[in-house]
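Student: Can we go through some side-chain contacts together? I'd like to see how each one is worked out.

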Amino acid sequence: MVTVPHSPASARPTITRKDVARLAGVSTAVVSYVVNGGPKRVSPVTAAKVREAISALGYRPNAAARALKLGSSEMLGMVVPDTTNPFFATLARAVEEAAAARGYALLLANSGGSAANERRQIRNLASRRVDGVFLSSVLFEPDLTELEHSEIPAVLLNHSSEVPGFNSVGVELLEGSRRAVQHLAGHGHRKIALVMGMNSGNDLDAREVGWQQGLAEAGLPEGPILRCDFDRQGGYRAGQRLLASADRPTAVFVSSDLQAVGLLRAVSEAGLRVPEDLAVFSFDGSAEAEYSWPPLSTVVQPVQAMAEAAVEALIDFDGVSPTRNRIFPVDLVLRASCGCVPAPAPVPAAAAAAPGLPSGPGS
């Protein structure tokens, strides 16, 4: 058993590898072998002494020195368009957990939906020599030159089209959207609008193609299209424009849950009801869809499976094997906004607390 020498509480010197070696009675090289898992073998008894000394002293290896030793920073980067979007927040957490299971930490960056900011964040991650980058790009064909020059592998995440030389992971955007529109048509809706988010490249999004195909297969004409930002305010403003039209549709497919939440506010402010006056179906499957009012029917993306596939593709990348574009199927979750499930009646405030019990903090 090792005994830590006493030192005044006010003095907190940096614990070094030499301190660990001195306390464990070994050389600094042996400490390095234990911390880095090699290259030379250390006997179990000696390794136990070193680990006990590390624990007793609270020693933390220098991350930069360890990266140089191992030829790896054990750090991955991730760039998403909006860190406040519940879908991307959930996706980032799933990636972080999957990376941690493989011994890697995750550095998250926000592009703010801007192609220029996206390139800046990629340059920043490349300069930090991360071992790889997950990119949820605002472009269908993102600029990956910086990563290629730095020989840093990347996986395009939430990306449903192939980019030569890079692995990508996405979902069936077109198929999920087509099914959602067909479902609305099955409720008898003959005029179904589209609220479509705008991307930086102005390319045609597969969700819009799915909406077109769903209408064509149902024998319906295309309803109005309202283009807006991929956020609550964008959906809110699109909803205001939609409801102000003389020939208002009876249903709408929305390209993201976040936009749909904004649209729900516009409907409420107009004195209308969902789904009685306007049925709504959105895309993503975030928690926000479940807890909106009324709860949103939505196309759900398999976030956990996507994250695990992306981490596997990035960490196991060998530069030799062919790259893949992995596309995952989606599911429809049917709730009150499309008319499938009745929304529960609001609970009166007076009845919210049980008799004799406090109604909340401070009661």
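Predicted model: local features only at pLDDT ≥ 70, side-chain atom pairs only at ≥ 80, totals over all residues.

Tutor: Residues are numbered from 1 along each chain as its sequence is written, and side-chain values use heavy atoms, with hydrogens and water left out.

Student: What kind of aromatic pair do Phe87 and Phe88 make?

Tutor: Rings of Phe, Tyr and Trp (its six-membered ring) pair if their centres lie within 6.5 Å; planes under 30 degrees apart are stacked, over 60 edge-to-face, and the rest tilted. That rule gives a count of 1 aromatic pair. With ring centres 5.2 Å apart and planes at 70°, Phe87 and Phe88 are therefore edge-to-face.

Student: Is Phe87 buried or exposed?

Tutor: Buried means under 20% relative accessible area, exposed over 50%, and partly exposed in between (1.4 Å probe, protein chains only). Phe88, at 12%, is buried. Phe87 has 3% relative accessibility, so the word for Phe87 is buried.

Student: Which ring does Arg265 lie over?

Tutor: A charge sits over a ring if NZ of Lys or CZ of Arg is within 6 Å of the ring centre and within 35 degrees of the ring normal. Arg207 has its charged end over the ring of Phe283, 5.6 Å from the centre. For Arg265, the distance to the ring centre is 4.6 Å, and the ring belongs to Tyr236.

Student: And which residue does Arg265 meet in a salt bridge?

Tutor: A salt bridge needs a side-chain nitrogen of Lys or Arg within 4 Å of a carboxyl oxygen of Asp or Glu. The N to O distance is 2.8 Å, and the partner is Glu269.

Student: How far apart in sequence are the parts tied together by Arg232 and Glu288?

Tutor: Their side chains meet in a salt bridge, 2.9 Å from N to O. Arg232 lies in helix H10 (residues 232-244) and Glu288 in helix H12 (residues 287-290), so the parts they tie together are separated in sequence by 56 residues.

Notes. Helix = DSSP H or I, 4+ residues; strand = E, 2+ residues; numbered from the N terminus.
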